[in-house]
There are 2 protein chains.
Amino acid sequence: MRKVRLNLGKRSYDIIIGSGIIAKLGGYVRRLDIGTDAYVISNPLIKSKFAKKITESLAKHGIRSKFKTVADSEKSKSVETAAGVLKDLAAYDLRKRVFVVALGGGVIGDLAGFVASVYKRGIPYIQIPTTLLAQVDSAIGGKTAVDLSTGKNLIGAFYQPRLVISDVSLLKSLNARQLRAGLAEVIKYGIIEDPELLSYVERNLLAIMKRGIADLEYIVSRCSKIKAGIVSRDEREELGLRTVLNLGHTAGHAIETASGYRLFNHGEAVALGILVACGISRRLGLIADGTERRIESVIKEAGLPIRIKGIGLQKIIDAHYRDKKFLGGKNRFVLIKGVGKTQIVGNISLKIIRDSIKERI
Amino acid sequence: MRKVRLNLGKRSYDIIIGSGIIAKLGGYVRRLDIGTDAYVISNPLIKSKFAKKITESLAKHGIRSKFKTVADSEKSKSVETAAGVLKDLAAYDLRKRVFVVALGGGVIGDLAGFVASVYKRGIPYIQIPTTLLAQVDSAIGGKTAVDLSTGKNLIGAFYQPRLVISDVSLLKSLNARQLRAGLAEVIKYGIIEDPELLSYVERNLLAIMKRGIADLEYIVSRCSKIKAGIVSRDEREELGLRTVLNLGHTAGHAIETASGYRLFNHGEAVALGILVACGISRRLGLIADGTERRIESVIKEAGLPIRIKGIGLQKIIDAHYRDKKFLGGKNRFVLIKGVGKTQIVGNISLKIIRDSIKERI
């Protein structure tokens with residue numbers, strides 16, 4: 001078991017990484033003293049797999065629990081779903097000391113975090129990410145969000161969880177495609193600040209895909225540490241430090257939105273977004289050929305897409321211009337100078353963006 | 001013109017109180033550098049009265065503006081309305097540097113503040129309260145909220161505005177009942193910590209009701225100062241300091257909810273809530289007879305109700321038990337020991353609460 005501390009003064013919290021640790025949930029909640037009644041937001045499949053363990057662990061410490069499931073789809077991250085969950089939570093909450101548990105992947109984590117952030121102006125919540133993608137990225141750092149039909153993550157809050165429990169044994173339930181999606185974010189961390197992690201992924205892909213517990217613990221804790229460090233220095237993305245975490249996400253979100261969240265999952269879209277960022281970086285003379293080849297190669301080896309198939313260029317460009325990362329009408333990209341070296345560049349010409357997307361279609 | 005500073009570190013802001021000062025809005029926005037495009041949330045009546053002044057003042061400083069109106073009703077403070085406004089805002093926002101202006105009373109301020117708090121995880125907003133109630137209370141302190149069908153203000157965030165402009169000349173457009181509603185909150189401030197303010201209201205009721213500019217500036221700035229002081233010491237109501245501001249609001253919210261927001265407006269419900277708090281305080285031996293008589297007398301003289309007519313006792317009790325101020329299933333009331341002296345008491349027996357409401361029916 002490993003522990004990473006995310007330091008944010010009074011709002012600091014632990015990220016616990018280990019195997020079989022959801023059985024300890026009740027004890028953690030007890031020590032944190034965050035409530036007597038858990039409102040667990042999940043999806044039907046995950047609930048069927050892990051509800052019993054969760055409920056038992058909580059009950060052992062005198063904590064009651066209620067599950068609320070939403071469909072396993074990006075569509076569940078809508079304002080409408082959030083409103084429905086909030087009404088259900090309010091009906092459950094009558095005279096209780098309630099806290100939220102997010103049990104699921106990125107969609108559940110973002111939705112549940114948002115619900116916790118706005119219910120009664122904020123109640124405590126715990127993240128129990130069940131996908132690699134959520135364990136290494138979305139469950140950490142307090143970015144909660146739901147989508148509007150016009151764009152992803154347009155509604156949300158910065159609202160930190162009280163604890164993140166990353167139980168890597170849960171990742172055995174993922175299919176290969178879901179695991180690969182998480183690897184896209186792991187590769188992202190390697191590129192932005194951890195050459196050793198990138199090498200590790202290159203060397204141990206097979207063991208990771210076989211869900212080796214030690215390998216998973218290593219990559220999850222390594223990514224958690226990077227993310228915790230960045231978030232503790234720039235929680236609300238005001239200093240530009242946190243922005244590097246958006247590598248691959250600007251074009252990635254546009255690709256996701258343009259495809260209606262169907263053709264590519266988030267990790268796949270991020271992988272493609274990283275490659276678009278490579279293309280822009282090359283056009284601006286920032287990246288060496290060898291670095292770009294190495295990045296494309298590890299993405300390909302990880303079984304992630306390197307081509308945007310099935311979506312028209314103009315659709316991606318249109319979605320791109322609705323991205324909330326536009327500051328005052330100016331675009332802003334995280335670009336790559338080398339493994340472990342990024343640069344944030346704003347106001348890139350439409351032609352360069354267009355060409356860099358086009359060469360991937 | 002008077003200025004009150006609300007100190008909250010990086011999130012500090014000014015509350016400007018004066019007559020005719022909405023004409024200076026553009027200059028303020030320019031100096032704060034919060035954006036180039038104002039999204040003004042208001043209601044049709046207020047828009048028809050003040051839109052021209054607002055638009056002109058902004059345009060003079062090169063700032064574009066768009067108005068979005070919602071119905072003038074507590075019903076506009078719903079999750080559904082908020083979702084609709086957010087979609088409209090997202091459609092308007094395309095490639096702009098947008099900020100929100102709340103132009104209206106408490107409903108508009110709470111709704112607009114909530115919209116600003118969750119859009120893109122928070123964009124800047126300005127409060128321009130147009131009622132006495134909003135100027136002395138709801139526009140200050142960053143409590144934003146919308147209602148669920150099961151209870152008032154169940155959804156929201158603590159999210160501070162960048163500026164509050166309290167233009168007392170706008171209060172000339174209020175009818176007597178609306179002005180009186182604001183006086184309920186002014187009386188509340190007097191009771192919780194300003195005996196001089198309470199005496200001032202007792203002595204100058206006529207001048208206030210005639211909208212004397214100097215009188216209004218005095219009471220608005222006095223209340224703003226009290227509220228700013230409390231909020232700066234306990235922004236998120238974690239230390240119990242901010243709780244005193246809820247005097248009259250626990251029973252008040254229950255009365256409002258039970259009446260379906262029809263029979264009594266917020267100020268009237270708060271006045272009745274203060275009288276219920278007096279009754280509980282008497283039953284617990286906290287308040288002197290003379291103090292209670294004085295409070296009832298100033299409420300009556302201000303033209304506010306002292307009887308809860310038209311709602312059944314049980315309906316109020318039921319609504320009371322859904323109030324979000326319950327902590328872990330325990331109720332909590334701000335009680336009165338004297339003018340300027342309050343005490344927070346939890347876990348009051350249902351019988352005492354019931355008797356104190358009943359004697360007001």
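B:Ser78 counts as partly exposed, because 19 C-beta neighbours lie inside 10 Å of it. A buried residue would need 20 or more. The model is predicted. B:Ser78 is found in the loop between β4 (64–69) and α3 (79–93) of chain B. Leaving out residues up to four places away in sequence, B:Ser78 touches B:Val146 and B:Asp147. B:Ala145 is 67 residues from B:Ser78 along the chain, yet 8.9 Å separate the two C-alpha atoms.

**How the chains are related.**

**Where the chains meet.** Chain A gives 30 residues to the contact, and chain B gives 30 residues. On the side of chain A that touches chain B, α3 (79–93), α4 (106–118) and β8 (151–158) of chain A each supply at least two residues. 100% of the interface residues of chain A are also interface residues in chain B, so the copies meet through the same surface.

**Two domains in chain A.** The domain assignment of chain A gives domain 1 (2–173) and domain 2 (182–358). Their centres, taken over C-alpha atoms, are 25 Å apart. Domain 1 of chain A puts 31 residues into the contact, and domain 2 of chain A puts in 28 residues. On the side of domain 1 that touches domain 2, the elements giving two or more residues are β1 (2–6), β2 (13–18), α5 (132–138) and β8 of chain A.

The table sets out two contact sides by residue class.

| Chain A, touching chain B | 15 nonpolar residues | seven polar residues | eight charged residues |

**A helix in chain B.** Helix α13 of chain B spans residues 350–358. Its buried residues are B:Ile353, B:Ser356 and B:Ile357. They cover an arc of only 100° around the axis, which puts them on the same side of α13(B). What do the buried residues of α13(B) pack against? They pack against α9 (249–258), α10 (266–283) and α12 (313–320) of chain B.

How values were computed:
Residues are numbered from 1 along each chain as its sequence is written. Chains are lettered from A and ligands numbered from 1 in the order in which they are written. This is a predicted model: local features need pLDDT of at least 70, side-chain atom pairs count only at pLDDT 80 or more; totals for chains, interfaces and linings use all residues. Two residues are in contact if their C-beta atoms, placed from the backbone, lie within 7 Å. Helices (H or I, at least four residues) and strands (E, at least two) are DSSP runs, numbered from the N terminus. Ala, Val, Leu, Ile, Met, Phe, Trp, Tyr, Cys and Pro count as nonpolar, Asp, Glu, Lys and Arg as charged, and the others, Gly among them, as polar. A residue is buried if 20 or more other C-beta atoms lie within 10 Å of its own, exposed if 12 or fewer, and partly exposed in between; C-beta atoms are placed from the backbone. The arc is that of the directions from the helix axis to the C-beta atoms. Domain bounds come from an automatic or database domain assignment.
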